[in-house]
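I opened my notebook for a friendly look around this structure.

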Amino acid sequence: MSYEVELKVKIDDYDSMEDALSRIGCVWEKTCRQADKIYYRPGRMEKKEEQTLFFRIRSENDKHILTLKQILDNTEVIEYESAVENRQDVENMLYLLGFEDYVTVIKTRKTGMADGITVCMDKVEELGSFMELEKVVALDEERESAREELRCFLNRLGVGMEQVCDKRYHTMMREYDAERKGANE
């Protein structure tokens with residue numbers, strides 16, 4: 001099992017943050033467009049329970065990855081991934097298991113590495129620009145040190161912990177859709 005420890009920050013000036021990351025040694029690896037379709041069991045996400053499970057099918061360049069995530073808290077998940085050969089069959093399996101479409105998030109992601117940390121610069125349609133820092137650890141006892149490492153990295157960039165966003169993109173998108181729907185009624 002592995003734990004993904006992550007911090008996400010909303011950024012106002014994408015280009016300045018990208019430059020700051022490059023100055024401290026971030027090596028950019030790729031830029032791609034990703035469409036993430038999220039699936040939950042009805043009512044589970046609204047309860048905001050810890051240990052909530054959800055599936056994501058990420059499509060990128062005609063390739064699809066199925067991910068099962070178990071939410072531990074706002075900054076950590078347990079994650080399993082596998083390539084998907086037939087997206088429609090996997091969607092049908094999820095529906096049969098009682099999962100439903102929750103939301104779709106579309107973004108352009110630039111990925112790099114700096115000091116053993118995965119850095120993602122995201123332009124999320126409808127939501128704006130974000131930076132995600134991720135560290136994957138194998139052992140439970142490594143989680144806190146990974147969180148501290150991410151906090152120190154943010155500090156080097158001049159970003160305070162008060163700027164950290166504790167919501168996942170799909171939660172923000174769902175809230176945005178609800179606000180938009182409410183404004184149109």
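**Entry 1: H64.** I am working with a predicted model. I began with the neighbours of H64: leaving aside residues up to four places away in sequence, it touches I57, R58, S59, S82, A83, V84 and R87. One of these, S59, also has a polar contact with H64, side chain to side chain, at 2.7 Å. I placed H64 in strand β4, which spans residues 63-73. Is H64 buried or exposed? Its relative accessible area is 19%, and because the cut-off for buried is under 20%, I noted H64 as buried.

**Entry 2: aromatic pairs.** I found 5 aromatic pairs in the structure. For Y39 and Y95, the ring centres are 6.1 Å apart and the planes meet at 65°, so I logged the pair as edge-to-face. This pair links distant parts of the chain, with Y39 in strand β2 and Y95 in helix α2, 56 residues apart. Y39 is buried at 0% relative accessibility, whereas Y95 is partly exposed at 35%.

Next I looked up F55 and F99, an edge-to-face pair with 4.9 Å between centres and 80° between planes. F55 belongs to strand β3 and F99 to the loop between α2 and β6, so the pair ties together parts 44 residues apart in sequence. F55 is buried at 14%, and F99 is buried at 4%.

I also wrote down one aromatic cluster, formed by Y40, F54 and Y102.

**Entry 3: charges over rings.** I saw the charged end of K8 over the ring of Y169, 4.3 Å from the ring centre. For K123, the charged end sits over the ring of Y14, with 4.3 Å to its centre.

Definitions and conventions. Residues numbered from 1 in each chain as written. Predicted model: local features only at pLDDT ≥ 70, side-chain atom pairs only at ≥ 80, totals over all residues. Heavy atoms only, no water. Helix = DSSP H or I, 4+ residues; strand = E, 2+ residues; numbered from the N terminus. Buried < 20%, exposed > 50% of the residue type's maximum accessible area, 1.4 Å probe, protein only. Polar contact = N/O pair within 3.5 Å; in protein donor to acceptor, adjacent residues only side chain to side chain. Contact = heavy atoms within 4.5 Å. Phe/Tyr/Trp six-rings, centres within 6.5 Å; stacked < 30°, edge-to-face > 60°. Lys NZ or Arg CZ within 6 Å of the ring centre and 35° of its normal.
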